[in-house]
Amino acid sequence: MADPFEVRMRFTSQLQHLNASVNSSQKAAHYALKYRDMDEDLHSCILEQLERNSMNNRANIMYFIEHLCDMAQRENHLNFVRMMQKDILMVVDAVAPSDGSGAANVKVVRRVLQGLQQKSILQPNTVTEIEDCLKERDTVAEHPALSPIDVNAQREHPSNQTAFAKTNGVTRPDKRQIEQRIEEDRERHKRLRESIWAIGAEGDEEFERLWDEVSDIGEDDYIAAEEDAMERRQAIEVE
């Protein structure tokens with residue numbers, strides 16, 4: 001039997017190093033399910049890391065939660081699902097706090113909640129209730145942590161760097177975190193576009209979709225075809 005402390009430490013490390021790739025989330029989810037007999041302990045790790053990590057990492061953990069619940073449901077290990085259902089409000093509060101410091105994560109939370117609802121992991125009324133709370137957290141662009149930085153003021157008062165980095169108790173993300181978030185969001189949007197354009201391996205789904213989008217042949221189509229044929233004949237005669 002594996003050492004519980006070692007399992008916890010390795011799982012914590014995986015959560016801390018999650019990124020925008022699907023592989024990182026799936027790897028951590030597989031690890032959690034491999035040691036499913038420690039599910040309560042691993043669930044507590046998830047909640048702890050949501051409280052301790054940066055907003056970027058909390059967004060990655062939020063996406064991981066969807067992967068974990070989906071895989072746990074397919075493998076019929078529903079303890080992870082039940083515990084996440086019970087603590088979903090705590091998770092949302094950590095990823096997108098009410099103080100506005102996680103306003104950039106509100107879209108992430110919404111996307112994951114919709115995914116969990118589509119997979120029947122969360123009930124529609126639960127998602128609706130959480131959505132009502134998120135509406136207030138999505139309109140805090142004037143929050144100190146999201147407001148523009150006064151570069152001139154920083155130059156005039158270099159000794160007050162801490163004050164600029166932290167306002168009203170809310171830590172402003174640094175340049176590195178902002179750049180990392182932009183790259184991760186770009187990667188997720190790329191995968192989203194790929195999934196939209198993906199063609200099913202079975203059947204004629206793409207053909208049926210294109211056929212439905214094409215309008216019926218009308219008189220104008222016949223006239224246009226005759227004009228094209230006439231132009232081609234004239235071009236041949238000239239040659």
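1. **Basis.** The model is predicted: local features need pLDDT of at least 70, side-chain atom pairs count only at pLDDT 80 or more, and totals for chains, interfaces and linings use all residues. Residues are numbered from 1 along each chain as its sequence is written, and side-chain values use heavy atoms, with hydrogens and water left out.

2. **Secondary structure.** The chain has twelve helices and two strands. Both are DSSP runs, numbered from the N terminus: helices are H or I with at least four residues, strands are E with at least two. The order along the sequence is α-α-α-α-α-α-α-α-α-β-β-α-α-α.

3. **Burial and surface.** The chain has 239 residues, and 36% of them count as buried. Buried means under 20% relative accessible area, exposed means over 50%, and partly exposed lies in between (1.4 Å probe, protein chains only). The accessible surface of the chain is about 15,700 Å². Carbon and sulfur atoms hold 51% of that surface. Areas come from the Shrake-Rupley method with a 1.4 Å probe; for residues, only the protein chains shown count as cover.

4. **Contacts along the chain.** Take contacts between residues at least 6 apart in sequence: 75% of them join residues at least 24 apart. A contact means heavy atoms within 4.5 Å.

5. **Aromatic pairs.** Rings of Phe, Tyr and Trp (its six-membered ring) pair if their centres lie within 6.5 Å; planes under 30 degrees apart are stacked, over 60 edge-to-face, and the rest tilted. The count by this rule is three aromatic pairs. One of them is Phe 11 with Tyr 31, which is stacked, at 6.4 Å centre to centre and 10° between the planes. This pair links distant parts of the chain: Phe 11 sits in helix 1 (residues 4-16) and Tyr 31 in helix 2 (residues 22-34), 20 residues apart.

6. **Burial of the rings.** Phe 11 counts as buried because its relative accessibility is 0%. Tyr 31 counts as buried too, at 11% relative accessibility. The Tyr 31 and Tyr 35 rings have centres 5.0 Å apart and planes at 55°, so this pair is tilted. Tyr 35 is buried, as is Tyr 31.

7. **Cluster.** Ring pairs join Phe 11, Tyr 31, Tyr 35 and Phe 64 into a cluster.

8. **Asp 41.** This residue belongs to helix 3 (residues 39-52). Asp 41 is partly exposed, with a relative accessible area of 29%. Its C-alpha atom is 7.5 Å from that of Arg 8. Asp 41 and Arg 8 are 33 residues apart along the chain.
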